[in-house]
Amino acid sequence: MCSCSDMQKRFVAFGCSAFLILFAVILGTLWPTMSSKMLKEKLVIKNGSVNYQNWIRTPIPMYLEIYLFNWTNPDDLHLYPTVKPHFQELGPYVFREVHERTKLIWNSNNTVTFNQRRFWNFEPDRSNGSLNDTVTNLNVVSLNTAYFLRDAGKVEKFAADFVLELDGSLMWRDKKVSDLLFDGFDDTLLDVLKTLNQSVKVPFDKFGWFVERNMSETYDGVFTMKTGEDSLENTGEITLWNGASSTGMYRGECGLVHGTSGELWPVSYTNKTNVTIFASDVCRSLNLKYAEQIVVHDLEGTKYVGDDSLFDNGVKYPEAECWCNSAPEKCHDLKPGVFNASACKFGSPTFVSFPHFYLADPSYINSIEGMKPNKTKHEFYVGIEPHTGIPLDVRARLQINMQLQPVKGFKMYEKVPPLMVPMLWFTQRATLTPELADQAKLALMLPGLGIYIAIFFGTIGIIMVGVFSYVSIRKWTNQVPYEELLR
């Protein structure tokens, strides 16, 4: 039992109340700075931070879904030239994808330089088909041999044409999916191509769309990225690729290295009109436009999409003309919706579009059969939680096409029609897990948490002052004689 006097009890009660109110005022004043610092500790890229752990090896389940196009009537190309080529979509062939960062170098200007290793493992249960499925489509090596030597002298062309007629073909028939993707297969024409044209710098000895990429530490190149230490609004921004701030492949701003890798995004408190990904697969940045607000696992985010300006050569959008490597007067020869990626693919006539020529000029679809562009299935988009920069939902969808065209001096190609031939398309898919969503929610609650606590204790303190004041007055009133109150 307390033996304190009534006066002492009042002092203790008012002291506790004053302390709670003072604590609430101090906490409410300092919390915004404290919470910003705590949030930065979580989001900045440095050893031990939450964002670092999520970046060094991606925890979000990622999948690469690949669809290949099977040319069902290849013989009609010469026998019945008026019959349109027909393509049948096969797949998806689904691979679990993991990204790992290696060879980290922390720089003094708040950047980190690193290599990237990617792993792909086939997921048969998620796939529609087997890696033993067979596909018929253009012979890419023969096509490239003719294309690279299109301006060669008569002797070189004669020798190359002889080899093509002997060992080459217009089509690859019944090639296994596994060989066309990651395993690859030997082709003597690759050696012939390197021998006849010394300017061709093909760094592999067999062909496959993803050959020598699985677990490679060097294929994607070397990146330098802002850590966010100076400002969270810079987190994840790529500043250099292979040590340079420009790819050297495109004119003006189109050649600059900028944007994020797509897995980390700068913190933003407003809805940006667009965001940018730097995609080393196509050696360029991809600008995505604001579309709408989305909700994933009760987290609100912003969706950005690739629209018809992404693969324009200046036909619809004059500012996009710098993506064209041809003479300015020839840039409009390539109709909108298809991007010439030959500068990124060793000079090969490789072109990139959205799947099924979605948003591309109708001429691409009208020249062949089997294309069914669909926004839901073929749109390229990312969903981002802006306050933390966490990707909520990603569907990176691109199609690889080869340009078939007549080439003089090569019997196999002299009478072929000009066509943009779809070879394959893929979706790189990632969706935030409920567990990671809960972590993001806690981070989002952090700025308001201290304010709520301050309001709670401040309210308790004020209530206590009011209660003790009321009790003291009542007690004092009851102790004063009635006669004294009437005076």
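This is a predicted model: local features need pLDDT of at least 70, side-chain atom pairs count only at pLDDT 80 or more; totals for chains, interfaces and linings use all residues.
**Exercise 1. Find the salt bridge between R429 and E65, and say where the partners lie.**

Step 1. Look at the closest N and O atoms of R429 and E65: they are 2.7 Å apart. The cut-off is 4 Å, so the pair counts as a salt bridge.

Step 2. R429 is in strand β17, and E65 is in strand β1 (residues 62–71). They are 364 residues apart, so this pair links distant parts of the chain.

Step 3. Check burial. Both R429 and E65 are buried.

**Exercise 2. Work out which parts the salt bridge of D161 and K411 ties together, and whether each residue is buried or exposed.**

Step 1. The side chains of D161 and K411 meet at 3.0 Å, N to O.

Step 2. D161 lies in helix α5 (residues 154–167), while K411 lies in the loop between β16 and β17, so the bridge ties together parts 250 residues apart in sequence.

Step 3. D161 has a relative accessible area of 6%. Buried means under 20%, so D161 is buried.

Step 4. K411 has 58% relative accessibility. Exposed means over 50%, so K411 is exposed.

**Exercise 3. Classify E292 and K303, which form a salt bridge.**

Step 1. The closest N and O atoms of E292 and K303 are 3.7 Å apart.

Step 2. E292 belongs to strand β11 (residues 284–296) and K303 to strand β12, eleven residues apart.

Step 3. E292 has a relative accessible area of 40%. That falls between the 20% and 50% cut-offs, so E292 is partly exposed.

Step 4. K303 has a relative accessible area of 12%, so K303 is buried.

Step 5. Now look beyond pairs. Salt bridges with shared partners join R57, E100, K103, R117 and E217 into one network. The salt bridge count comes to 19.

**Exercise 4. Describe the second largest pocket and its lining.**

Step 1. Start with volume: about 600 Å³.

Step 2. Find the centre. Of the 24 lining residues, D333, L334, F351, Q403 and Q405 are the closest to it.

Step 3. Name the elements. α8 (362–366), β16 (390–404) and β17 (419–431) each give two or more residues to the lining.

Step 4. Sort the lining residues: twelve are nonpolar, nine polar and three charged.

**Exercise 5. Locate the surface patch that contains L79, and state the area of the patch.**

Step 1. L79 sits in helix α3 (residues 76–79). Its relative accessible area is 60%, so L79 is exposed.

Step 2. L79, Y80 and V83 form a nonpolar patch on the surface. Together they have about 310 Å² of accessible area.

How values were computed: Residues are numbered from 1 along each chain as its sequence is written. Side-chain values use heavy atoms; hydrogens and water are left out. Patches are made of residues with over 30% relative accessible area and no salt bridge: like charges are joined within 9 Å, nonpolar side chains (Val, Leu, Ile, Met, Phe, Trp, Tyr) within 5 Å. Accessible areas come from the Shrake-Rupley method with a 1.4 Å probe; for residues, only the protein chains shown count as cover. Helices (H or I, at least four residues) and strands (E, at least two) are DSSP runs, numbered from the N terminus. Buried means under 20% relative accessible area, exposed over 50%, partly exposed in between (1.4 Å probe, protein chains only). On a 1 Å grid over the protein atoms alone, a cavity is a set of points where a 1.4 Å probe fits but cannot get out, and a pocket is an open set with protein on both sides within 12 Å along at least five of seven lines; lining residues have an atom within 4 Å of a point. Grid points are joined across faces, edges and corners, and a volume is the space filled by probe spheres set on the points. Ala, Val, Leu, Ile, Met, Phe, Trp, Tyr, Cys and Pro count as nonpolar, Asp, Glu, Lys and Arg as charged, and the others, Gly among them, as polar.
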